[in-house]
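Subject: Structure handover

Hello,

Here is the structure for your files. My notes on what turned up follow below.

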Amino acid sequence: MMHFADSLTFSGRKVVAAWAALPFPALSGSSLPDVLSAHQQDVPWKLLSSGREQKVSCCFAQSVVLRGICQEKPTSCLGQPQSPLHSCESPEQVLQQFLYTQFPGAFSTSHVLQQPCDTQPPFPQFFSPLLTRRGFLLDKAQGYSSRGVESIPVLAALQSSPVLHSLLSGLCRALRVPHVRRWSSFFTAGVEQDDFQEALEELKTLAQCYETGFGASEDEADSD
């Protein structure tokens, strides 16, 4: 995982954020172009890394993997023009085109696999009754849930993005010396004050690598 993260980082960046959609929000019978066309305003996955939830409008580099959706057939809507995603020849091209549209200029790699994620026991059955046994969304809840969800489509992503500026800046503020000094065992365990201060400065510098340069950030102002 460390080497994989290294392949997505450059310009002094060393950290990537994890994102996922579990399950991937696809209606039963829908195709990948159908699903992604419905999410042109925002990506259909959520931040897993610690930090406040926020909309991601840009990223520097990313790797995205989608499982269990490409085998669905496209829906036909007479009288309605299809999106540019419907003109792509393969699911891989559909996902790559979507990433290019959402994050223009970012380095993106994507993979689409037919095999869904297996969720049969002992996988915990915490899913909504709005899911079919294959993990696709229904218009209304099923009248039973005893059969459980056997598989789900899943999307997972690693991103080097400005979201990490808030995460790393928050960690830097939490580790300020006045707060750490309250924990006497922290330094009695062998941590040198100078080494700690140097690591703190390196963390602050790392956080600055994820700034986009559009105005002063609240996190940076608070850390001064």
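A contact here means heavy atoms within 4.5 Å. On that basis, residues 24 or more positions apart account for 76% of the contacts in the protein chain with a separation of 6 or more.

Two points on conventions. This is a predicted model, in which local features need pLDDT of at least 70 and side-chain atom pairs count only at pLDDT 80 or more, while totals for chains, interfaces and linings use all residues. Residues are numbered from 1 along each chain as its sequence is written, and side-chain values use heavy atoms, with hydrogens and water left out.

Overall picture

The protein chain has eight helices and seven strands. These are DSSP runs, numbered from the N terminus: helices are H or I with at least four residues, strands are E with at least two. Of its 224 residues, 39% count as buried. Buried means under 20% relative accessible area, exposed means over 50%, and partly exposed lies in between (1.4 Å probe, protein chains only). The chain exposes about 13,200 Å². Carbon and sulfur atoms supply 55% of that area. Accessible areas come from the Shrake-Rupley method with a 1.4 Å probe; for residues, only the protein chains shown count as cover.

Strand S1

Strand S1 covers residues 17-21. Four of its five residues are buried, so S1 is largely enclosed by the rest of the structure. Two strands pair if DSSP finds at least two bridges between them. S1 pairs with strand S7 (residues 154-160) in the antiparallel sense, over five bridges. There, Ala18 has Leu158 as its bridge partner. S1 also runs antiparallel to S2, joined by two bridges.

Aromatic rings

The structure holds five aromatic pairs. Rings of Phe, Tyr and Trp (its six-membered ring) pair if their centres lie within 6.5 Å; planes under 30 degrees apart count as stacked, over 60 as edge-to-face and the rest as tilted. One of the pairs is Trp45 with Phe98: the centres are 6.3 Å apart and the planes at 70°, so the pair is edge-to-face. It links distant parts of the chain, 53 residues apart. Trp45 is in the loop between helix H2 (32-37) and S2, and Phe98 is in helix H3 (residues 91-102). Both Trp45 and Phe98 are buried.

Phe123 and Phe126 have ring centres 5.9 Å apart and planes at 50°, so this pair is tilted. Phe123 is partly exposed, at 26% relative accessibility. Phe126 is exposed, with a relative accessible area of 51%. Phe123, Phe126 and Phe127 form one aromatic cluster.

A charge over a ring

The charged end of Arg13 sits over the ring of Phe60, 3.6 Å from its centre. The test is NZ of Lys or CZ of Arg within 6 Å of the ring centre and within 35 degrees of the ring normal.

Two loop residues

Cys209 lies in the loop between helix H7 (193-208) and helix H8 (218-223). Not counting residues up to four places away in sequence, Cys209 touches Ser11, Gly12 and Arg13.

Ser57 is in the loop between strand S2 (46-47) and strand S3 (61-67). Ser57 counts as exposed, at 60% relative accessibility. Beyond its neighbours within four places in sequence, Ser57 contacts Gln102 and Phe103.

Best wishes
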